[in-house]
Amino acid sequence: MEETETLIIKLKDTDSAVRTDAAEQLGSSGNESAVEPLMKALNDDNPDVRFQASKSLAEIGKPAVEPLLNALKGEDGNTKRYATFALKNLGDEDVIEHLIEALSDDDWSVRKTCAKSLGEMGDDAAVEPLIEALKDEDWGVKLAVAKALGDLKDEQAIDPLKKARRAAKGDKEFKKVATKAIKKIG
């Protein structure tokens, strides 16, 4: 494995494949000094680089938590989405409350990513906030919320899912997802 300083320099290479590889190796290194450069890479032009940077930050673990939580409260949608992904992959229960807060972010794509992440993390603390998020004005967020509630398999979500399904007149896709979620729970 290359030295951390060399890999950090490669995160700025013009070739996205080189940047992606550098991000991957930085995660494997577990070196805390890679956190800040990887945080910057969450805003890379290339989605593969952003994705790998988020995976690598999760691999580094605890030293990345605080910068990721700060990014989640930031302004840039891309950075917030990839920070959410990294926080989910950390599997740290302490981040649940922050992801729940982000369910009310101004950016619909952040809300959607948070809903999905909360469902995948499987923490019961997310059930009630997700039920509330069924009222989101964005269709994609509502879809992600319904799926997440199905993943959490908490019976208190059945009635709100049925109500949201009834309210989704003519929306066959949402009705299908809500029905599937209800079946998963029941």
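**Close-up views of an all-helix chain**

**View 1. H8 and H10 run roughly parallel to each other.** Angles under 35 degrees count as roughly parallel, over 145 as roughly antiparallel, 65 to 115 as roughly perpendicular, and the rest as oblique. This is a predicted model: local features need pLDDT of at least 70, side-chain atom pairs count only at pLDDT 80 or more, and totals for chains, interfaces and linings use all residues. Residues are numbered from 1 along each chain as its sequence is written, and side-chain values use heavy atoms, leaving out hydrogens and water.

Two packed helices are described by the angle between their axes and the distance between the axes. Here the axes of H8 (residues 108-121) and H10 (residues 139-152) come within 8 Å and cross at roughly 10°. Axes are lines fitted to C-alpha atoms, for helices over the stretch in contact; angles run from 0 to 180 degrees between N-to-C directions.

H8 makes the contact (heavy atoms within 4.5 Å) with Trp 108, Arg 111, Lys 112, Ala 115, Leu 118 and Gly 119. H10 brings Gly 140, Val 141, Ala 144, Val 145, Ala 148, Asp 151 and Leu 152. By class, the contact of H8 with H10 has 8 nonpolar, 2 polar and 3 charged residues. Ala, Val, Leu, Ile, Met, Phe, Trp, Tyr, Cys and Pro count as nonpolar; Asp, Glu, Lys and Arg as charged; the others, Gly among them, as polar.

**View 2. H10 is largely enclosed by the rest of the structure, because 10 of its 14 residues are buried.** Buried means under 20% relative accessible area, exposed over 50%, and partly exposed in between (1.4 Å probe, protein chains only). The buried set includes Leu 143, Ala 146, Leu 149 and Gly 150. The buried residues of H10 pack against H8, H9 (127-133), H11 (158-167) and H12 (172-185). From its first C-alpha to its last, H10 reaches 20 Å, close to the 20 Å expected. The expected span is 1.5 Å times one less than the number of residues.

**View 3. Phe 51 and Phe 85 bring H4 and H6 together.** A search of the whole structure finds 1 aromatic pair. The ring centres of Phe 51 and Phe 85 are 5.0 Å apart and their planes lie at 35°, so the pair is tilted. Rings of Phe, Tyr and Trp (its six-membered ring) pair if their centres lie within 6.5 Å; planes under 30 degrees apart count as stacked, over 60 as edge-to-face, and the rest as tilted. Phe 51 sits in H4 (residues 47-60) and Phe 85 in H6 (residues 77-90), so the pair ties together parts 34 residues apart in sequence. Phe 51 is partly exposed, at 37% relative accessible area.

**View 4. The buried residues of H6 pack against H4, H5 (62-72), H7 (96-101) and H8.** Among these buried residues are Thr 79, Tyr 82, Ala 83 and Leu 87. Lys 40, found in H3 (residues 35-41), is exposed at 58% relative accessibility. The C-alpha atoms of Lys 40 and Thr 79 are separated by 8.5 Å, although the two are 39 residues apart along the chain.

**View 5. Thr 14 lies in the loop between H1 (4-10) and H2 (16-29).** Thr 14 is exposed, with a relative accessible area of 80%. Its C-alpha is separated by 37 Å from that of Trp 139. Across the chain, the secondary structure comes to 12 helices and 0 strands. Helices (H or I, at least four residues) and strands (E, at least two) are DSSP runs, numbered from the N terminus.
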